[in-house]
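Please open the structure in a viewer and keep the sequence beside it.

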Amino acid sequence: MITVTGATGHLGRLVIEDLLARGVAAGDIVAAVRTPDKAGDLADRGVIVREADYTRPETLTTAFAGTDRLLLVSSDDIGLRVQPHVNAIDAAAKAGVGLVAYTSLLGADTSGMILAAEHVATEQALAESGLPHTLLRNGWYVENYTSMLSMALEHGALVRSTGQGRISGTARADYAGAAAAVLTGEGHAGAVYELAGDTAFTLTELAAIITDVSGTTVTYQDLPPEQFAAMLVGVGVPDGIAKALADSDLAVKRGALYSDSTDLTRLLGRPTTTPTEVVRAALAS
């Protein structure tokens with residue numbers, strides 16, 4: 001049995017789709033979700049749906065029962081993630097899970113990003129648990145930027161604080177594919193995979209791609225991090241998350257999200273999706 005947590009989120013759904021495409025029977029997949037009602041479409045396809053709330057350990061014990069391989073998708077509750085992750089790890093140990101794959105962050109142990117600290121703590125908890133595990137250190141999704149595409153096209157500007165830092169990003173589906181490869185493959189226990197796209201880009205270059213593909217001129221506008229954080233707060237982003245995002249942009253500026261690792265390409269068995277392809281898909285959606 002393969003269990004995927006966060007299965008109604010963007011990444012989790014893509015992982016389940018990839019598992020099904022690889023021929024894993026729907027009845028051998030558990031979609032572990034906080035709100036089972038949101039997974040009705042998965043249940044209709046034969047996927048087993050179980051409630052799993054990282055903050056309610058009693059749900060995790062039931063959700064992970066009979067699991068051979070578990071994908072532990074990191075919580076999106078930035079700043080509050082460590083104990084919930086530990087709850088999931090403890091439940092996995094009690095359930096006798098054979099392998100835990102955890103979605104961490106590219107260069108988590110060296111990046112110095114605010115966002116990295118909780119990933120490092122989770123990696124340490126996995127090491128201390130004694131569970132066989134694999135670290136999937138995901139780089140940035142290009143969708144982190146194309147999700148704001150309509151705003152960029154409206155204002156003719158892509159606004160961040162990354163300077164000319166290079167980002168080894170790719171499509172979210174590529175990271176999902178890597179997770180599915182680990183969950184269905186052999187020999188991954190103990191591995192630390194630095195997952196990076198083949199085509200690194202600056203946001204100046206991404207703005208040029210958007211311009212070329214859309215036909216609308218978009219330029220990159222670089223803001224001081226404090227101003228960028230204030231802008232985020234002004235549109236309703238909580239202060240702590242705004243600061244973490246501004247800090248992430250500073251990390252990009254100093255090269256923390258650039259990598260020449262080929263781990264992702266090797267797991268996928270193909271080149272990664274280019275930023276241009278992600279922009280085209282976003283414009284077509």
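Does Lys38 count as buried or exposed, and at what relative accessibility? Select Lys38: at 57% relative accessibility, Lys38 counts as exposed, where exposed means over 50% relative accessible area, buried under 20% and partly exposed in between, with a 1.4 Å probe and protein chains only.

Before moving on, please note that this is a predicted model, in which local features need pLDDT of at least 70 and side-chain atom pairs count only at pLDDT 80 or more, while totals for chains, interfaces and linings use all residues. Residues are numbered from 1 along each chain as its sequence is written, and side-chain values use heavy atoms, with hydrogens and water left out.

**First stop: around Lys38**

Lys38 is found in the loop between strand S2 (29–33) and helix H2 (40–44); helices (H or I, at least four residues) and strands (E, at least two) are DSSP runs numbered from the N terminus. Display Thr8 and Arg13 as well: Lys38 touches both, not counting residues up to four places away in sequence. Contact here means heavy atoms within 4.5 Å. Then select Thr216, which is 178 residues from Lys38 along the chain; 37 Å separates their C-alpha atoms.

**Second stop: the whole chain**

Along the principal axes, the C-alpha atoms fill a box of roughly 55 × 35 × 35 Å. Of the 285 residues, 53% are buried. Among contacts with a separation of 6 or more, 75% join residues 24 or more positions apart.

Select Leu126 in helix H5 (residues 114–129). Leu126 counts as buried, at 0% relative accessibility. Leaving aside neighbours within four places in sequence, its contacts include Ile89, Val100 and Tyr102.

Next, select Thr162, in the loop between strand S7 (157–160) and H8. Thr162 is buried, with a relative accessible area of 0%. Beyond its neighbours within four places in sequence, Thr162 is in contact with residues including Leu203, Tyr220 and Asp249. Leu126 and Thr162 are 36 residues apart in sequence and 32 Å apart in space, C-alpha to C-alpha.

**Fourth stop: the aromatic pairs**

Rings of Phe, Tyr and Trp (its six-membered ring) pair if their centres lie within 6.5 Å; planes under 30 degrees apart count as stacked, over 60 as edge-to-face and the rest as tilted. By this rule there are 2 aromatic pairs. Select Tyr141 and Tyr175: their ring centres are 5.4 Å apart and their planes lie at 50°, so the pair is tilted. Tyr141 lies in the loop between strand S6 (133–138) and helix H6 (143–146), and Tyr175 in helix H8 (residues 172–184), so the pair ties together parts that are 34 residues apart in sequence. Tyr141 counts as buried at 17% relative accessibility, and Tyr175 counts as buried at 1%.

Finally, select Tyr145 and Phe201, an edge-to-face pair with 6.5 Å centre to centre and 90° between the planes. Tyr145 belongs to helix H6 and Phe201 to the loop between strand S8 (192–195) and helix H9 (203–214), 56 residues apart. Both Tyr145 and Phe201 are buried.
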